[in-house]
Amino acid sequence: SSVHEVYDQARVELAELAAKASARTVEILSRPDTEAEECVFNPLPQPVHFQHGSGTDLLPPLSASKLGDLKSLTLPQVEVSPGRLSNGRVAASFDALGRILSLSIDGVPVPFTGPAGGLFLHPDRPHAYEAWDIDRHTLSLAVEELRTTDMALGDGEIVFTKPLGKKSRVSIRYHLGPSDSTLRIQYDLDWQERHALLKVSFPTAFLGRDARFGAPFGSVKRPQWPGLPTAEAMWEVPASRWAFVADDSESEGFFAVSQSKFGFSAREGCLGVSLVRSARITREDRGANAGPHPETIRRTLSPNEVSDIGNHTIDLAVGRFHAEMPRAEQPAALAESLFQKPVAFKGRPGNCGFLGLEGGGSLQPVWAVPDGAQSWTLRLHETLGRSGSVRVKLAEGWNIHQVNLSGQQSAYQPVQGVVRFSAYQIVSLQISKKY
């Protein structure tokens with residue numbers, strides 16, 4: 001929604017920051033001595049599966065593990081055949097157009113009400129504020145891309161390639177790893193459309209009154225049934241990379257997780273994710289429509305009048321939500337762990353004293369910050385509007401205090417392993433070495 005010069009500068013700066021951060025991480029972890037060994041570091045405050053060679057192991061949170069010590073869990077091989085993928089937990093079938101016909105997880109099918117994963121093109125010409133708004137009529141004028149596809153099989157994946165719109169093309173890559181509890185989807189997209197919005201749609205029979213959308217400090221609920229003016233105004237929801245539709249009790253549902261997409265919709269059981277849109281870039285009105293910012297006073301002009309033109313790689317994952325699912329398989333956790341790779345380095349194994357959590361599955365460990373040489377703070381967010389308790393597992397020689405958002409201890413007595421939490425609470429725990 002900014003002038004294009006902002007993105008020209010920001011892309012370069014962010015790439016430089018990411019490269020510096022990655023190099024600095026390896027530099028700090030590495031040890032140039034004879035005792036250094038090949039290790040891998042999990043930078044997340046939750047356990048993640050790590051595939052190395054033909055094996056898979058579970059890496060503890062915020063810890064470095066020696067590659068030679070990994071146990072390589074024995075998991076079923078991923079079965080790939082024309083129109084079908086399965087890894088023992090997740091099984092999916094597809095039609096000739098690259099849509100999902102069925103999806104079951106741990107033997108329980110997702111109740112789709114039609115082919116899922118269809119790509120829909122929407123005419124996108126907002127009445128005003130083009131770079132900001134998506135008008136209601138835009139979503140009601142969708143046209144599904146139904147042209148035939150080319151299908152190819154790979155290692156743990158099926159790839160469908162097809163034309164899209166007037167000038168675009170997309171490859172839809174469905175992938176399963178041996179330990180995956182979700183179906184992963186990657187779109188390699190050459191996007192050349194003007195004034196169009198591209199969404200992927202998953203129609204289900206989950207007709208609860210509200211859908212739930214990820215937020216920076218938990219989640220929010222928005223109505224998925226039209227009717228009242230407030231509900232009618234929520235046809236597109238800005239969400240923090242995940243959303244699900246469910247029954248009213250939220251005991252069963254279907255979720256989608258995105259690496260870097262933040263526009264979602266939910267209507268009558270149909271969950272949608274906005275992939276790209278080509279609205280006019282701010283201040284790119286040209287010629288007679290240039291208004292108060294003519295081309296002559298611009299630093300540069302964008303090669304395209306509309307946004308998102310070019311090549312994109314977009315990663316999603318979809319799966320079954322249920323009330324008792326493990327913490328690490330909930331969408332709020334998967335939004336981090338699915339797309340964050342462990343860091344390889346040559347040094348020594350170690351941990352920060354935190355070994356994980358037991359119980360309280362809706363309380364998600366989100367970030368960690370050092371307080372000094374001997375202590376650090378772990379912050380957790382309650383994500384599903386529940387209350388309960390969680391047991392914190394620590395390594396020998398460490399203790400824990402609950403602190404407020406300023407890092408001050410509310411009581412001097414250490415937490416005796418169990419922390420209580422309430423709906424949407426932000427919990428801060430100070431973990432430190434015993435003296």
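**View 1. The hairpin of strand 7 and strand 8 in the predicted model.** In this predicted model, strand 7 and strand 8 form a hairpin with five residues between them, and Gly 98, which lies in the turn, has a positive phi of about 85 degrees. The two strands pair in the antiparallel sense over five bridges, with strand 8 covering residues 100–105. Within this pairing, Ala 91 has Ser 104 of strand 8 as its bridge partner.

**View 2. The hairpin of strand 6 and strand 7.** Strand 6, residues 84–86, runs antiparallel to strand 7 and is joined to it by three bridges; here Ser 86 stands opposite Ala 91. Three residues lie between the strands of this hairpin, in which Gly 88 takes a positive phi near 95 degrees.

**View 3. Burial along strand 7.** Strand 7 spans residues 90–94, and five of its five residues are buried.

**View 4. The largest nonpolar core and the surroundings of Leu 103.** The largest nonpolar core has 46 residues, of which Ile 100, Leu 103, Leu 183, Tyr 187 and Phe 254 touch the most other members. Strand 15, residues 183–191, supplies the largest share of this core, with five residues. Leaving aside residues up to four places away in sequence, Leu 103 touches, among others, Val 90, Ala 91 and Ala 92, as well as Leu 183, Phe 254 and Val 318. A second, separate core of 18 residues includes Cys 352, Leu 357, Trp 376 and Phe 421.

**View 5. The loop around Ala 36.** Ala 36 is found in the loop between helix 1 (4–29) and strand 1 (37–42), where it is buried with a relative accessible area of 12%. Although Ala 36 and Arg 348 are 312 residues apart in sequence, their C-alpha atoms are 5.7 Å apart in space. Not counting residues up to four places away in sequence, Ala 36 touches Arg 31, Lys 346 and Gly 347.

**View 6. Cysteines without a disulfide.** A search of the whole structure finds zero disulfides. For Cys 39, the closest cysteine sulfur is that of Cys 352, and because the two sulfurs are 15 Å apart, they are too far for a bond. Cys 39 counts as buried, at 1% relative accessibility, whereas Cys 270, at 23% relative accessibility, counts as partly exposed.

Key. Residues numbered from 1 in each chain as written. Predicted model: local features only at pLDDT ≥ 70, side-chain atom pairs only at ≥ 80, totals over all residues. Heavy atoms only, no water. Disulfide = S-S within 2.5 Å. Buried < 20%, exposed > 50% of the residue type's maximum accessible area, 1.4 Å probe, protein only. Helix = DSSP H or I, 4+ residues; strand = E, 2+ residues; numbered from the N terminus. Contact = heavy atoms within 4.5 Å. Core = buried A, V, L, I, M, F, W, Y, C linked by side-chain atoms within 4.5 Å. Pairing = 2+ DSSP bridges.
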